[in-house]
Amino acid sequence: YIASKKVLNIKGLSIETCRKIINYLLEKNPLAENASSFNAVADCLGLTKDDILNLSGFKDKSAEKLAESIIQAGKEVSTEKFVAATAMTGIGLMAGGILAKKYGSVEEIIKNVTRAEAFEELQQLDGIGSETAKALSSDEFVSRLKILSKYLTNKAQEIKENDDENKESLSFVLTGKMEQPRSYYEEIINKAGHKVVGSVSKNTAYLVIADVNSTSSKAKKAREVGTKLISPDELVAMFSN
């Protein structure tokens, strides 16, 4: 996941190669087996050409190519992708984008999510629910950001204090199975100048759901906070010319 195109885009780092790397690292340091699994994953980001040459199936040229790919992937990583690279359950590019817009840099994220008020404040961000806020304010999340900081350089997002660009933008949450792929509906929303978020909050305008009478947890939350439930067809009609 971390090496995938949508996150760090480490070309040539397949699942099979990942297995070889983990075995190699454990042979180098047997004590690492008792360390957190994320430490072992992060150590892969520090591999050199000489390390890779110790893996079966690698020759000089292929080892050099993979080592360079790892190095390049670690340069100027956006805050959004840096957060996603923590591989925390439920924390991906969407949550990373929200944090990037709010705090700009990984350094500022660490500073803010470790504050006593972090859990409550994070829930005020559009698209961040209680479970996500709990994960983001956890010691594990902060630990993973710090571990990654040893291998990745962060390209912070500029924060514009007087940015009114999205003042009229509405937030939509998509849930459940739909007739079209989810990307189809996301494109409609984005083209209309609005945004898709992951969790229902008081700032969410619409929950798009196949059955507007559903009793799912998201549907219940939407009704509690006053979010309108609409069907995918209603969403399409809303933005059709």
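Lys49 is partly exposed in this predicted model, with a relative accessible area of 26%. Its side chain takes part in a salt bridge with Glu64, where the closest N and O atoms are 3.9 Å apart.

Side chains of opposite charge can pair when their charged atoms come close. In the pair formed by Glu121 and Arg115, the closest N and O atoms of the salt bridge are 2.6 Å apart. Glu121 is partly exposed, with a relative accessible area of 32%, and Arg115 is likewise partly exposed, at 34%. Shared partners, meanwhile, join Lys49, Asp60 and Glu64 into one network of salt bridges. Within helix H1, Arg19 and Glu16 sit three residues apart, about one turn of the helix. Their salt bridge brings the closest N and O atoms to 3.5 Å from each other, and Glu16 is partly exposed, at 44% relative accessibility. Altogether, the count of salt bridges comes to nine.

Positive charge also gathers on the surface. Lys5, Lys11, Lys61 and Lys65 form a patch there. One of these residues, Lys61, is located in helix H4, which spans residues 60-73. Lys61 has a relative accessible area of 72% and is therefore exposed, because the cut-off for that class is over 50%.

Most residues other than glycine have a negative phi. Asn9, although not a glycine, has a positive phi of about 55 degrees. Asn9 belongs to the segment before helix H1 (15-28) and is partly exposed, with a relative accessible area of 32%. Ala87 is not a glycine either, yet its phi is positive, at about 55 degrees. Ala87 lies in the loop that runs between helix H5 (79-84) and helix H6 (93-103), and at 34% relative accessibility it counts as partly exposed.

Finally, Met238 shows how residues separated in sequence can meet in the fold. Met238 is part of helix H13 (residues 232-238) and is partly exposed, at 34% relative accessibility. Beyond its neighbours within four places in sequence, Met238 is in contact with Phe172, Tyr206 and Ile230. Ala192 is 46 residues from Met238 in sequence, while their C-alpha atoms are 10.0 Å apart in space.

Notes. Residues are numbered from 1 along each chain as its sequence is written. This is a predicted model: local features need pLDDT of at least 70, side-chain atom pairs count only at pLDDT 80 or more; totals for chains, interfaces and linings use all residues. Side-chain values use heavy atoms; hydrogens and water are left out. Patches are made of residues with over 30% relative accessible area and no salt bridge: like charges are joined within 9 Å, nonpolar side chains (Val, Leu, Ile, Met, Phe, Trp, Tyr) within 5 Å. Accessible areas come from the Shrake-Rupley method with a 1.4 Å probe; for residues, only the protein chains shown count as cover. A salt bridge is a side-chain nitrogen of Lys or Arg within 4 Å of a carboxyl oxygen of Asp or Glu. Lys and Arg count as positive and Asp and Glu as negative; His and the chain ends are not counted. The place of a charge is taken as NZ of Lys, CZ of Arg, CG of Asp or CD of Glu. Helices (H or I, at least four residues) and strands (E, at least two) are DSSP runs, numbered from the N terminus. Buried means under 20% relative accessible area, exposed over 50%, partly exposed in between (1.4 Å probe, protein chains only). Contact means heavy atoms within 4.5 Å.
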